Amino acid sequence: FAVDFGLVAFILAVISTGLSMFLSLVIIRRRRIAKISEQLPDAIDVIVRGVKSGYPFTVALGLVARELSDPIGTEFGMTSDEINFGSNLAAALDNLYRRVGHEDLLYLTMAIKIQSETGGNLAEILARLARLIRERVMLRLKVKSLTAEGRLSAIFLTAFPFVIFAIVNLISPNYYASVRDNPIMIPALIVALIMIALGNGMIYRMVNFKV
């Protein structure tokens, strides 16, 4: 171990546990939003078909909940229930956007709000919106494939020092014994972690684009 059992080890364990939990939640949230992004055009198509068949918009929202799987089916089902229980349409759509946090939903909520106030062919508006969102999804996937090398480089460069440390410690447990008690050990580890974080931040800025 790089540090002995004690206060420093306890603090490092608490920090690493908190960071691990935070990163896990971030990853889960991103995967959920990515899944919703893929399902959103299909959800809008279901609404368009329902409206064209003569169903009210609120009933068409319920069709999404019945025909599509989680997570978007559940989210639209909650929105439909809010409206059926007396909530205002605009408030229910705002709640949907706040729960999910996906920017494409903002276009959907704004289009529905504007149509409800000014009138127009809702089915045609939503059909064009579904086409636009599909094009945005395709563009995001293209950007993701073009930046895959940068993301893999970040993962490799981040994991490499820890993997080497684990391998060396496994092969020769006493290899780091001479430097464990050195007073510069902890500051050096902190500086190394900061440099890794800065490097990851720079690579993240390079491979993430706003679409």
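**Exercise 1. In which helix is the place of Lys113? Find its contacts too.**

Before we start, a word on the ground rules: this is a predicted model, where local features need pLDDT of at least 70, side-chain atom pairs count only at pLDDT 80 or more, and totals for chains, interfaces and linings use all residues. Residues are numbered from 1 along each chain as its sequence is written, and side-chain values use heavy atoms, with hydrogens and water left out.

Step 1. Lys113 has its place in helix H5; helices (H or I, at least four residues) and strands (E, at least two) are DSSP runs, numbered from the N terminus.

Step 2. Setting aside residues up to four places away in sequence, Lys113 touches Ala90 and Asp94, where contact means heavy atoms within 4.5 Å.

**Exercise 2. Describe how H3 packs on H4.**

Step 1. Helix H3 covers residues 72-84 and helix H4 residues 89-100; their axes are 9 Å apart and the packing angle is about 155°. Axes are lines fitted to C-alpha atoms, for helices over the stretch in contact, and angles run from 0 to 180 degrees between N-to-C directions.

Step 2. That angle makes H3 roughly antiparallel to H4 (under 35 degrees is roughly parallel, over 145 roughly antiparallel, 65 to 115 roughly perpendicular, and the rest oblique).

Step 3. H3 brings residues including Glu75, Phe76 and Ile83 to the contact, and H4 brings residues including Leu96, Arg99 and Val100. By class, the contact of H3 with H4 has 8 nonpolar, 2 polar and 3 charged residues (Ala, Val, Leu, Ile, Met, Phe, Trp, Tyr, Cys and Pro count as nonpolar, Asp, Glu, Lys and Arg as charged, and the others, Gly among them, as polar).

**Exercise 3. Is Glu75 buried or exposed?**

Step 1. Locate Glu75: its place is in helix H3.

Step 2. Its relative accessibility is 7%, so Glu75 counts as buried (under 20% relative accessible area is buried, over 50% exposed, and in between partly exposed, with a 1.4 Å probe and protein chains only).

Step 3. Beyond residues up to four places away in sequence, Glu75 touches Arg32, Leu96, Arg99 and Val100.

**Exercise 4. Repeat the packing analysis for H2 and H3.**

Step 1. Here the axes come within 7 Å and cross at roughly 150°. H2 and H3 are therefore roughly antiparallel to each other.

Step 2. H2 passes H3 in a left-handed crossing.

Step 3. Thr58, Leu61, Gly62, Val64 and Ala65 of H2 meet H3 residues, among them Gly73, Phe76 and Ile83. The contact of H2 with H3 divides into 5 nonpolar, 6 polar and no charged residues.

Step 4. Look at the loop between H2 and H3, where Pro71 lies. The peptide bond from Asp70 to Pro71 is cis, with omega near 5°. In general, most peptide bonds are trans.

**Exercise 5. Which residues touch the most other members of the largest nonpolar core?**

Step 1. This core has 30 residues, and Leu40, Ile44, Ile47, Phe76, Leu108 and Leu126 touch the most other members (a nonpolar core is a set of buried Ala, Val, Leu, Ile, Met, Phe, Trp, Tyr and Cys residues joined through side-chain atoms within 4.5 Å).

Step 2. Follow Leu126: apart from neighbours within four places in sequence, Leu126 contacts Ile44, Ile47, Val48, Phe57, Leu108 and Ile112.

Note on methods. A crossing is left-handed if the near helix is turned anticlockwise from the far one by less than a right angle, and right-handed if clockwise.
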